[in-house]
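Student: I have a structure open and I would like to learn how to read it. Can we go through it step by step?
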Amino acid sequence: MKLKCQTFHSHNQGTWLVWLHGLLGKSDDWAPTVSVCDRYPSLVIDLPGHGDSADVALTGGFAEMSELLSATLSEYQINDYCLIGYSLGGRIAMYHAIHGEYDGLRGLLVEGGNPGLFSQQERDTRLQHDQRWAQRFRQEPITSVLADWYQQSVFADLTAAQRAQLIHLRSQNRGNSIADMLENTSLGRQPWLVPDLQQITIPFSYLCGENDRKFQNIAQQYTLPLKTILQVGHNAHYGNSAAFSSAVNHFLSLLVKETQ
């Protein structure tokens, strides 16, 4: 099984940009940034249970997700690529960079993705937390769940208008599909990736909104290669698309120099 995708600027030669959205998102979320990164071919993926991949069910956690990603890249004959992922997409990208079995990864760019929880107790607690949310997504109207979802501290910087817009956009998702993906890719099921990320040999950048204190602290605590996007919180590419796109293009310019 393959994931549904869109390609952009595919007439360009060189390294492909492979974009992975966050939970509740879809490939269209990346449109403003992809349009600015027009010197590179892009593959924009809908994750399982989302967008045009809504009928793709994930049951095998991160390992199966990484295999799906590899199969999708193979289908498009992409063997020279950079992974760019936001939140859940960033966690999938980090896992794939460490544990994936597909050659050709040239760079890793993560926006607000958690590199994992150190102890089994922390992971168990987080899994229970995510299972409670999943139960709500299965049982309640999605708009009422999202109204609470976007009150979480990580989204504290959103204005009322931004929060309302996101609830409207994300209410197009199917509650059951989101619940399945949330459980299968819970931070409680994710390996502790920090030691491997600290020794990764490909170019790696960790983008984070200036007001996203949680992920700023994570990056600083584990000495991840932090690049701060000004005046925004957790969803930096949504809150300040121009600054985010500029940071991506800067990273890519260094990537190109390294491969020449």
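Tutor: Start with the sheet. Seven strands form an open sheet in the order β1-β3-β2-β4-β5-β6-β7, with mixed pairing. Strands pair if DSSP finds at least two bridges between them. Helices (H or I, at least four residues) and strands (E, at least two) are DSSP runs, numbered from the N terminus.

Student: Which strands stand at the edges?

Tutor: β1 (5-8) and β7 (226-229) do. Each has a single partner strand, so one side of each has no neighbour in the sheet. From one strand to the next, the twist averages 20°.

Student: What should I know about the model itself?

Tutor: This is a predicted model: local features need pLDDT of at least 70, side-chain atom pairs count only at pLDDT 80 or more, and totals for chains, interfaces and linings use all residues. Residues are numbered from 1 along each chain as its sequence is written, and side-chain values use heavy atoms, leaving out hydrogens and water.

Student: In which sense do β1 and β3 pair?

Tutor: Antiparallel, over four bridges; β3 covers residues 42-45. Take C5: its bridge partner in β3 is I45.

Student: Which strands does helix α2 lie across?

Tutor: Helix α2 (residues 61-75) lies across β1, β2 (16-20), β3 and β4 (81-86). It runs at about 140° to β3. Axes are lines fitted to C-alpha atoms, for helices over the stretch in contact, and angles run from 0 to 180 degrees between N-to-C directions. Helix α3 (residues 88-99) lies across β2, β4 and β5 (105-111), at about 145° to β4.

Student: How do I describe two packed helices?

Tutor: Use the angle between their axes and the distance between the axes. Here, the axes of α2 and α3 come within 10 Å and cross at roughly 85°. The two helices are therefore roughly perpendicular (65 to 115 degrees).

Student: Which residues of α2 and α3 meet?

Tutor: F62, A63, M65, S66, L69 and S70 in α2 meet R91, I92, Y95 and H96 in α3. Contact means heavy atoms within 4.5 Å. By class, there are six nonpolar, three polar and one charged residues. Ala, Val, Leu, Ile, Met, Phe, Trp, Tyr, Cys and Pro count as nonpolar, Asp, Glu, Lys and Arg as charged, and the others, Gly among them, as polar.

Student: Is D130 buried or exposed?

Tutor: Buried (under 20% relative accessible area, 1.4 Å probe, protein chains only). D130 has a relative accessible area of 2%. The residue is found in helix α4 (residues 120-139). Leaving aside neighbours within four places in sequence, D130 is in contact with L182, S186 and L187.

Notes
Angles under 35 degrees count as roughly parallel, over 145 as roughly antiparallel, 65 to 115 as roughly perpendicular and the rest as oblique. Buried means under 20% relative accessible area, exposed over 50%, partly exposed in between (1.4 Å probe, protein chains only).
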